[in-house]
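Biologist: I have a two-chain model open and would like to learn how to read it. Could you walk me through it?

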Amino acid sequence: MIPRYQTILFVVLLVASVVMSVVLWQLRERAHQRLIAGQDSAPTQAPQVAPSEQATLLVANDSDSSLLAQIQSLPLPLDPGARARAVLGKLLDLYAAPDAAHPVPGGGSSIAQVFLLPAQTQIPATGPDTGPNSAPNSTNSTEPKPGMTNSSQTGPELAVVNLTGAFVSGHPSGLETETLTLLSICGTLHANLPRVTQVRFLVDGQSRATLAGHADLTRTYLTADAAPTEVTHP
Amino acid sequence: MKMNRGCSTARRKPGPFKIGSISAASSRALRGCLAVCVVVTCVAASQPAVAQAPPAPVSPPARFLVVLDAAHGGDDPGGRLSNGQPEKTFTLALSIRLRSLLGARGIQVVTTRESDATVAPNRRAEIANHANAQACLSLHASESGSGIHLFASSLAPAQPARFPAWKTAQAAWVTRSLALAGVLNSALLHAGMNVTLGRIALPAIDSMTCPAIAIEIAPERVPGHPSAAELDDPAYQARVAEAVAAALLEWRTEAHQP
């Protein structure tokens, strides 16, 4: 003879199992509906191809330590940050070519992001002292996002160029070659985005002491410095 | 000091001394002694005036000191040259060679490192600043480019300050650094080398309080030829070192001119 309390317990557990099964089935259905709804919201139109525009690239030449302006036609997005990244990507593609006058491996993918921020009106000659995370936030308290810019901003801008670690580790070491790379990036940014007057560099989102052992990456570079250097020959 | 003590004795004793109580010979001796003390007093009193006189017209030769900074070292090998040699080894060898050449020409030299040791950029600047040198050269080498690259600090010239900021201490010396670059440029061109002048943000020289130049030696390449002179060519190294030494001799002459 089964005791009465055991019968009641069995019935309660059976009812609980049935209820839980129903709830699980409903949760599964809801998840399935959400997945279908997400697929419906996915873009179905192809992205617009930006029209080709002329961009000015300041291309470095190791043989005479010069920066030569080159006009290139390439598709440029409207967003200033994406535009800056596209222009710099083209510049580094030229440097990665086999017959480059300033050979630097890496190519266009070496520019991870370009942030555009309002520039400080007065900057110290060497830029603010850097901690591991201080560089982008030293001029703006807000966290920068890729391509972020203030459309109402009409004053000078600071470009923060985030380079990839692979590019920096593969960059040739030397005073001249490192300086030419940085100056050509600064000059190219200013030639295509005239409001950019200051440039800072990050590597994989972090501040770094030098590019490849020589050129200082902790300071703020002025685009006005990116003029061709004097060359003398015997 | 002894003269001062004699002086006080001569002033104190004549009053209470009783000459009549001693013999005439002793009295003469004491008078002679007093006369000597008076003479010594006068001489001692006249000595400070002699010390305050202007120095002799013959001045010692002005001190001229050069700081040679062999870049990299220890944990920091720098760039890798075409023969596999690290940049730190090349710069150290060049520093030692230059030190010998300058020493033979009577120029004092202070080096930032004499062995394969790690020296931080701030320490290099400290050594240069403590030496109070008339020229500071940071030696580098690279496979990129051609000839000799001379770099002065990219800091904007500024007026000297009593307490300059560490990272921009070179700003007060940029004008002199550019003048030194001009002297080096002339000497290297005279030696038949390609020279490129530029400005750079280099932490080591940006903190130096002396005319400071970074010299980067690259292979000498002539268009149409594979390479006129490689970095491991002893003749090329000697030519560069001789030209730099000649430039520093010229710089010493300019520094000593009023």
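This is a predicted model: local features need pLDDT of at least 70, side-chain atom pairs count only at pLDDT 80 or more; totals for chains, interfaces and linings use all residues.

Biologist: Fine. How many helices and strands are there in chain A?

Modeller: Helices (H or I, at least four residues) and strands (E, at least two) are DSSP runs, numbered from the N terminus. Chain A has 4 helices and 7 strands, and along the sequence they come as α-β-β-α-β-β-α-α-β-β-β.

Biologist: Which strands of chain A form the open sheet, and in what order?

Modeller: Strands of a sheet pair through backbone hydrogen bonds, either parallel or antiparallel. Two strands count as paired if DSSP finds at least two bridges between them. Here 4 strands of chain A make an open sheet in the order β3-β4-β5-β6, with mixed pairing. β3 and β6 (221-222) of chain A are the edge strands, each pairing on one side only.

Biologist: Is β4(A) buried or exposed?

Modeller: A residue is buried if 20 or more other C-beta atoms lie within 10 Å of its own, exposed if 12 or fewer, and partly exposed in between, with C-beta atoms placed from the backbone. In β4 (residues 157-163) of chain A, 7 of the 7 residues are buried, so the strand is largely enclosed by the rest of the structure. Glu157(A), Ala159(A), Val161(A) and Leu163(A) point one way, while Leu158(A), Val160(A) and Asn162(A) point the other way. For chain A as a whole, 38% of the 234 residues are buried.

Biologist: Which helices lie across these strands?

Modeller: Axes are lines fitted to C-alpha atoms, for helices over the stretch in contact, and angles run from 0 to 180 degrees between N-to-C directions. Contact means that the C-beta atoms of two residues, placed from the backbone, lie within 7 Å. α2 (residues 80-96) of chain A lies across β3 and β4 of chain A, at about 135° to β3(A). α4(A) lies across β4, β5 and β6 of chain A, at about 135° to β5(A).

Biologist: And what does chain A bring to the interface?

Modeller: 24 residues of chain A are in contact with 32 residues of chain B. On the chain A side, α4(A) gives the most, with 4 residues.

Biologist: Last one: which residues of chain B have a positive phi without being glycine?

Modeller: Most residues other than glycine have a negative phi. His72(B) has a positive phi of about 65° and sits in the loop between β1 (65-70) and α3 (87-104) of chain B. His72(B) is buried, with 26 other C-beta atoms within 10 Å. Asn132(B) has a positive phi near 55°, in the loop between α4 (121-131) and β3 (135-141) of chain B. Asn132(B) is exposed, with 12 other C-beta atoms within 10 Å.

Definitions and conventions:
Residues are numbered from 1 along each chain as its sequence is written. Chains are lettered from A and ligands numbered from 1 in the order in which they are written.
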